[in-house]
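Dear colleague,

I am passing on a structure that I would like you to look over before we discuss it. My notes on what was found follow directly below it.

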Amino acid sequence: MNRRLVAHVLSRISFVFSLFLLIPMLVALHLDREQLSTFAATLTWSVLLTAMLRGYGGPKRPNQRLKVRDGVALVGCAWFLVCFLGALPYFFSGLGVVDALFESVSGFTTTGITVVPSLAAYSPSMLSWRFLSHWAGGLGVVLLFITIMPQINSQNSYLFNTEICTVTVERTLPKIRAAALYITGIYLGFTLLELVLFLLGGVSLYDALNLSFATMSTGGFLLNWGSGVPLDSFYIEGVCLVFMLIASMNFSLYYKAFRGEWQVFKEEVEYRYYLGLLLVGSLALAANLYATGTMSAGESLWQGFFHVVSIGSTTGLMADDLQSWPPFAHYLLLVLVFIGGCSGSTSGGVKLSRLLLMLKASWAELLRSLHPRIVYAIKMGEKEVEPRLVGNITRFFFLYMVAFVILTVGISLCGLSVMESIGIIATSMSNAGPAFSMFGSTSLYSQLPAFGRVILIVAMLLGRLELFTLLLIFQPSFWRQKSTW
């Protein structure tokens, strides 16, 4: 592995992170100057780390290209680097090491949970750092920073596809770097459009930024635990719903539509299955809420649709207290949390495309058991899927469930019931935020001991890093110089 090249790229990531710190520093300069020292100390650490990485990595040589193993190391180390640096403002402001890391990981993985008893404990500059961190994590730290990597070549599609979770390797531009730039531009454009719509609805600039960053990143940070942001307006909830839906679908579709390739909406099938799933889930939830007398017919329909989109997109915004809802609603939303959004989106979860392929593969095996000589091609739309890819997805799902079981057993050691353990791990691994039992949309994760919070940190990282990356970089053989892949 080319460690010097990886260090050189990490130095760039650390440098860009330092630039992000200037935003909360400006907020602190105008609103709470006592926090300037917090972000100044963080900036100092970031600059020093940038200098150390740059010193070890040296200048970039024109003929240097990242190999697959370099790409895996870069993805994993970049996330650890950013989460570590992101924890420093919380640590310098008084949180413990575990709590500070928890807040940072929750933000950058767009999970949106917190151990802070009250958001009033945070200053305006710290709050701005919170929603800035999960907005940056929404599109993926690596995808945002890949735009400054001139050494991207054909071998590095691993980085790109790890972040956007595509099922098939299909480039939207001849160069991955150019594709990342365009997708980042689309992400920024949607965020600005949503911001304008909130401002037109009478929302203050600060709350409009908060809501825009929370929905486009499908993170939901700050909006839980009684933040005071108004989610009691039909207009505001409607804007949130639309952009949660936009953010949970494949961004490459938007790019192709921007180029005038509208036929892509006829060729791609995942988003149609996704919309169908949300529609069926919304109607089922609304029927349950109405049948149990929880709400009126109209309110049941709206609340059902809003919360199915919110949970299905793994955003986790709450417009009502789910603790008073019937058990069927909790189970339905829990299933949607597992599934997540579309590939190529900012959503977490297993991803609907993976589940669709596994269902198709299972049906193919059933047909082969009945007709041993049958030749059955697995397709997504009109595209035939390679058997190797189906095998990779099956292995991914197996490892995902193994990790889920181990983490659920681990969190149960903190004294939680079976359903509480399942709910908190499922929503953490899917980066969805609220669970559906004692850790609901208005509950506190600070009730967990330090051991439990460490388990959730691991769960959030496993979910965001797509499992394989985190498992690979902890293999001793991965770091041996004699490996050539």
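In which hand, right-handed or left-handed, does H1 pass H5? Please keep in mind throughout that this is a predicted model. In that model, H1 passes H5 in a right-handed crossing.

The rest of the geometry of this pair is as follows. Helix H1, which covers residues 3-31, and helix H5, which covers residues 124-139, have axes that come within 8 Å of each other and cross at roughly 150°. Because angles over 145 degrees count as roughly antiparallel, H1 and H5 are described as roughly antiparallel to each other. On the H1 side, the residues that meet H5 are Phe17, Phe20, Leu21, Ile23, Pro24, Val27, Ala28 and Leu31, while on the H5 side their counterparts are Pro124, Ser125, Ser128, Trp129, Leu132, Trp135 and Ala136. Sorted by class, the contact of H1 with H5 has 13 nonpolar and 2 polar residues, and no charged ones.

The crossing of H4 and H19 is left-handed. H4 contributes Val98, Asp99, Leu101, Phe102, Val105 and Ser106, which meet Ala450, Arg453, Val454, Leu456, Ile457, Met460 and Leu461 in H19. By class, the contact of H4 with H19 has 10 nonpolar residues, 1 polar residue and 2 charged residues.

One single residue also deserves a note. Serine 430 lies in the loop that runs between helix H18 (418-429) and helix H19 (450-464). With a relative accessible area of 0%, serine 430 falls under the 20% cut-off and is therefore buried. If its neighbours within four places in sequence are left aside, serine 430 is in contact with Thr314, Val337, Phe338, Gly348, Gly349 and Tyr400.

Finally, some figures for the protein as a whole. Its secondary structure comes to 20 helices and 2 strands, and 58% of its 485 residues count as buried. Among the contacts between residues at least 6 apart in sequence, 72% join residues that are at least 24 apart. The accessible surface of the protein comes to about 19900 Å², and 68% of that surface belongs to carbon and sulfur atoms.

Key:
Residues numbered from 1 in each chain as written. Predicted model: local features only at pLDDT ≥ 70, side-chain atom pairs only at ≥ 80, totals over all residues. Heavy atoms only, no water. Helix = DSSP H or I, 4+ residues; strand = E, 2+ residues; numbered from the N terminus. Buried < 20%, exposed > 50% of the residue type's maximum accessible area, 1.4 Å probe, protein only. Contact = heavy atoms within 4.5 Å. Areas by Shrake-Rupley, 256 points an atom, 1.4 Å probe, with all protein chains shown as cover. Axes fitted to C-alpha atoms, helices over the stretch in contact; angles between N-to-C directions. Parallel < 35°, antiparallel > 145°, perpendicular 65-115°, else oblique. Left-handed = near helix turned anticlockwise from the far one by under 90°. Nonpolar A, V, L, I, M, F, W, Y, C, P; charged D, E, K, R; others polar.
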